[in-house]
Amino acid sequence: LFDIACRQNVAALVSMVIGQDCPFTTRLKFSAIKEKAADQYRSKTSLLVRLLSLFNDAGIDTMLLKGFCNSRHYPNPMLRQFGDIDIYQFGRQNEADALVAKTFGIKINNAAPHHSKYTIGGILVESHYDFIERHTHRDNNAMEQVLKADAAQGFSECTFHGQKCFTPSPTFEV
């Protein structure tokens, strides 16, 4: 069970339901994974709050995508494991990237076809200007237009640890 949960990246979630009839060593492994996931979530949250504060001070709206956005639907968001921070800035990604580069003294990687990337404190941030890679399949361009229209109209304003941000509509997240 532990190996399968790790392969599916849900071991931290499964740790919530491991019973006492499970062997002690297995419970210990699940507990370690749970603590590691919570520590990673706290680190990513700390960075995200710093970034949102920076962007909000500059008047740059930011939408949370993927990991952080989906974690709010989990019984314990800290156990929703994900690798990076994904954001969308409503066409102001270049301005936001320049602000990050100046503030943190880092270089922004613009080599990816639909987002820029940068790492702060060992945490990868992907700042999306497209939601899907439009150049790999001809239908992706049409889908990108649907997603951008939905993102422009169907988002909700929320607060994440005291910082204003936005989340996409439920239809976008499907």
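A residue is taken as buried when its relative accessible area is under 20%. By this criterion, 40% of the 174 residues of the chain are buried in the model, which is a predicted one. The accessible surface of the chain amounts to about 9,600 Å², and carbon and sulfur atoms account for 53% of that area.

The secondary structure consists of 7 helices and 6 strands. Along the sequence these elements follow the order α-α-α-β-α-β-α-β-β-α-β-β-α. Of the contacts in the chain between residues at least 6 apart in sequence, 55% connect residues at least 24 apart.

In soluble globular proteins, nonpolar side chains tend to be buried together. In the present model, the largest nonpolar core comprises 23 residues, and Phe 55 and Tyr 118 have the most contacts inside it. At least two residues of this core are supplied by each of helix 3, helix 4 (66-71), strand 2 (85-88), helix 5, strand 3 (115-120) and strand 4 (123-128). Helix 3 provides the largest share, with 7 residues.

Apart from neighbours within four places in sequence, the contacts of Leu 51 are with Val 100, Phe 104, Tyr 118, Ile 120 and Val 125. The C-alpha atom of Leu 51 is separated by 9.5 Å from that of Gln 163, a residue 112 positions away along the chain.

Two packed helices are described by the angle between their axes and the distance between the axes. For helix 3 (residues 24-57) and helix 5 (residues 93-104), the angle is about 115 degrees and the axes are 11 Å apart. The crossing of these two helices is right-handed. Helix 3 contributes Arg 50, Leu 51, Leu 54 and Phe 55 to the contact, while helix 5 contributes Ala 96, Leu 99, Val 100, Thr 103 and Phe 104. By residue class, the contact contains 7 nonpolar residues, 1 polar residue and 1 charged residue. Phe 55, which belongs to this contact, is also one of the residues with the most contacts inside the largest nonpolar core.

Positive phi values were found at residues other than glycine, including Asn 9 and Lys 66. Asn 9 has phi near 60 degrees and lies in the loop that runs between helix 1 (2-7) and helix 2 (11-14). With a relative accessibility of 41%, Asn 9 counts as partly exposed. For Lys 66, phi is near 55 degrees, and the residue is found in helix 4. Lys 66 likewise counts as partly exposed, at 43% relative accessibility. The values for Asn 9 and Lys 66 can be set against the range for this class, which lies between the buried limit of 20% and the exposed limit of 50%.

Note on methods. Residues are numbered from 1 along each chain as its sequence is written. This is a predicted model: local features need pLDDT of at least 70, side-chain atom pairs count only at pLDDT 80 or more; totals for chains, interfaces and linings use all residues. Side-chain values use heavy atoms; hydrogens and water are left out. Axes are lines fitted to C-alpha atoms, for helices over the stretch in contact, and angles run from 0 to 180 degrees between N-to-C directions. Helices (H or I, at least four residues) and strands (E, at least two) are DSSP runs, numbered from the N terminus. A crossing is left-handed if the near helix is turned anticlockwise from the far one by less than a right angle, and right-handed if clockwise. Contact means heavy atoms within 4.5 Å. Ala, Val, Leu, Ile, Met, Phe, Trp, Tyr, Cys and Pro count as nonpolar, Asp, Glu, Lys and Arg as charged, and the others, Gly among them, as polar. Buried means under 20% relative accessible area, exposed over 50%, partly exposed in between (1.4 Å probe, protein chains only). Accessible areas come from the Shrake-Rupley method with a 1.4 Å probe; for residues, only the protein chains shown count as cover. A nonpolar core is a set of buried Ala, Val, Leu, Ile, Met, Phe, Trp, Tyr and Cys residues joined through side-chain atoms within 4.5 Å.
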